[in-house]
Amino acid sequence: MPERPLNRICYVEDDEDIQRIVRMSLERIGKMTVELVTDPMVAIGAITSFKPDLVMLDWMMPGMDGPTLFRKMKQLPEVSALPVVFITAKATQRDMDELIALGAAGTISKPFYPKDLPDQLRAIWAKLP
Amino acid sequence: MNTLANGIESAEPGAAAAITADIRDRADPALVRADRVEQLYSQLPLGMAATIVIGVIAAMELHEGRLLELVLFWGGLLAVVVVLHALLYLGYRNDSQRHENTGQWLRWLGIGAFAAGATWGFAAAVFFPSHADERQVFLAFLLAGVISGGIPMYAASWPVFAAYAAAIALPFTYVLATFGNRLFAEIALLIPLFYGVSVAIAFRLNGVFLSGYRLRHAYQRQLVELQEARRQIEASGRKLALFAERAPIAVLELDADGVVQDVNQAAELLFGYAADELIGHSVKRLVQPKHHGDFERDWASLMTTRAPLAGVKVRNPRRDGINVVCEWSVTPLVNAEGRMLSVIAQGRDITAQLEAERMKKEFTSTLSHELRTPLTSIIGSLQLINAGVLGEIPKDVTELTEVAERNGQRLLDLINDILDIEKIESGKLKLMPEVIRVDELVREAILLNKGFGDRFKVRYQARGELLTREVTADRKRLLQVMTNLLSNAAKFSPEGEVVEISTEEVPQGLRVGVHDRGPGIPEGFRARIFGRFSQADSTTSRQKGGTGLGLAICKRLVEMMHGHIGFQDRDGGGTTFWFELPRHA
């Protein structure tokens, strides 16, 4: 378990409605700092400058999907160590298992419950080495 | 081919007796008898002619002595016998039912033969003692002649001959024995011997005739059967050819080297080749060149095992280069001697089916994503409002947002349940079994559903000590079953009640029971409670929520985990829903 509490979250998601809900949930209930990224193509730059504790990735996005972005991150030393949580409506259990095997910290399936989301993320955070 | 092989096997030495018995059994006894009677009657004209000739000669010879009146009387008697025989013969010939009335005609013939014999016997009795030596020799010669002439006449029925000959020999023997002459007395002793020998010969001949007739009938029947068999073979051959020719599936006959021997029309249409372009060429023409190596290996293994294959999916290139996916059944035809005759390959074009399956999968996946994403926003927004994230909100507003959140959740449950059912029924749901302690499972389920129970003011509580035994099951799916049963129990329990959860050992394994104090299951609903979209009445879903799929999913999930699910009335009112899972070994 990391020594410091989970605070800075970067969320890459193309749906602005969901962005709004996640921001409200994490900021107001979870008391965290949230950086939202709408375009996955610029995500790596945003992540590098924001320096989050944890990155949340949507699965289905125009331009580049979550898993592709995740693999890209893995190749870049400055972001490769960041824990990544997938949040998705589509993935099958097998897809999720595959992502975990690739090094994803966890998966949260849509629909998630904004009331529970901060706790879910903290639970994943707590299990990290 | 087996029949063929069996036929060959049965023709080994020692089977001759069996064949004889077979021939005997095959011949219809009534037909054989009709043949014998026919044979007897067909001899009659010859017999009558011989009787007239011999009678005239005898009369001329005998009347030279004394007793002219007696000779005339005897001649008249003989004439009457001949006329009666002629009438008998005509009667027989004109009887259209003669082959059915064989017993009657045989009886009349026997009577006729006896009468004829008696007429000759009369001659012996009357004329022998009255004549001198040389005429006695003539008479003895004559009588021996008519007796022996009777053998071929009546060979088809030895009892008829026996009656005929006895009628001649008995009076003659009597005359000889009583003549008072030692030589004649000795001859009288010999006559019964001759008689016996003659009857024995007639008996043997009778047997020969019988087997001859039987053989003829057996042969006839065999011929009829052979013709029928040939007709059937031709018919089934035509049918088979028609099956292959008109079948909507491609049928190819290949030899042991994989060279096409024959194809049907469906194969021509499916692959776009004319029959001539395929016949005589290797079937590899229908295999993608990059897979020729695999094909040769599979073919060699087929030639070794000679075991039929089914459900082999192959991507086959058509003449125009487009690939079709076919499902093949491949059957080597091996004859009784173990020689490979040919290989029959039957292929069904499943390209469209695979495409439909792919589209269905895509549709389900899209449905899942496209419906869940907006619901996430809707339910999420409402939940944030209802959770008080935005501060105090007027009561009548939250009343409505709570209605909206609850119904959004209901819609989501329905989508999830439909997707679950679809996944289970299409066999796509894969379980991930793990070893689970039953008490831990129950506690986790109680914890997970506490919030739901609170909504209905119902408390979940374990009954007594929970078992610490283990089962092998998919944790997530088993929790889904528990959640379904617990939420049903809460929905139907009166406010303030306790829903009890029990664990117990049963012969089939471990049983988990969920006991409620609800109104019980209506009689008319019991049979379809585990069916799809079943709820006791349609108002229930509006009042209590739920999709009507929950128990159907539970049943399928529990059965996939090799368990059973059921329910029973509870003493003191209410219902117990239970499921049983096999104990972890």
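1. A residue is buried if 20 or more other C-beta atoms lie within 10 Å of its own, exposed if 12 or fewer, and partly exposed in between, with C-beta atoms placed from the backbone. By that count, 26% of the 585 residues of chain B are buried. For chain A, which has 129 residues, the figure is 38%.

2. Before going on, a word on what you're looking at. This is a predicted model, where local features need pLDDT of at least 70, side-chain atom pairs count only at pLDDT 80 or more, and totals for chains, interfaces and linings use all residues. Residues are numbered from 1 along each chain as its sequence is written, while chains are lettered from A and ligands numbered from 1 in the order in which they are written.

3. Chain A averages 88, and 97% of its residues score at least 70. Confidence is lowest in helix α5 (residues 93–102) of chain A, with a mean of 79, and highest in strand β1 (residues 8–12) of chain A, at 95.

4. Now the parts list. Helices (H or I, at least four residues) and strands (E, at least two) are DSSP runs, numbered from the N terminus. Chain A has six helices and five strands, and reading from the N terminus its elements go β-α-β-α-β-α-α-β-α-β-α. Chain B has 17 helices and twelve strands.

5. Next, who touches whom along each chain. Two residues are in contact if their C-beta atoms, placed from the backbone, lie within 7 Å. Take the contacts in chain A with a separation of 6 or more: 61% of them involve residues 24 or more positions apart. In chain B, 64% of the contacts with a separation of 6 or more come from residues 24 or more positions apart.

6. The two chains also meet each other, with 17 residues from chain A and 16 residues from chain B in the contact. On the side of chain A that touches chain B, ten residues are nonpolar, one is polar and six are charged. For those classes, Ala, Val, Leu, Ile, Met, Phe, Trp, Tyr, Cys and Pro count as nonpolar, Asp, Glu, Lys and Arg as charged, and the others, Gly among them, as polar.

7. On to a helix pair in chain B. Helix α4 (residues 68–94) of chain B and helix α5 (residues 102–127) of chain B have axes that come within 10 Å and cross at roughly 165 degrees. Axes here are lines fitted to C-alpha atoms, for helices over the stretch in contact, and angles run from 0 to 180 degrees between N-to-C directions. That makes α4(B) and α5(B) roughly antiparallel (angles under 35 degrees count as roughly parallel, over 145 as roughly antiparallel, 65 to 115 as roughly perpendicular and the rest as oblique). The residues in this contact include W74(B) and L77(B) of α4(B) and W108(B) and T119(B) of α5(B). By class, the contact of α4(B) with α5(B) has 15 nonpolar, three polar and no charged residues.

8. Zoom in on T119(B), which sits in helix α5 of chain B. Is T119(B) buried or exposed? It has 22 C-beta neighbours inside 10 Å, so T119(B) counts as buried. Leaving out residues up to four places away in sequence, T119(B) touches L77(B), L78(B) and V81(B). T119(B) and V81(B) are 38 residues apart in sequence, yet their C-alpha atoms are 8.0 Å apart in space.

9. Compare a second pair in chain B: the axes of helix α6 (residues 133–154) of chain B and helix α8 (residues 182–246) of chain B come within 9 Å and cross at roughly 15 degrees. These two, α6(B) and α8(B), are therefore roughly parallel to each other. Among the residues making the contact are I147(B) and Y154(B) of α6(B) and S198(B) and L205(B) of α8(B). The contact of α6(B) with α8(B) has six nonpolar, two polar and no charged residues.

10. V471(B) is buried, with 24 other C-beta atoms within 10 Å. V471(B) and P582(B) are 111 residues apart along the chain, and their C-alpha atoms are separated by 6.4 Å.

11. Most residues other than glycine have a negative phi. K51(A) is not a glycine, but has a positive phi of about 50 degrees; K51(A) lies in the loop between α2 (43–50) and β3 (54–58) of chain A. H562(B), also not a glycine, has a positive phi of about 65 degrees.

How values were computed: pLDDT = per-residue confidence, 0-100.
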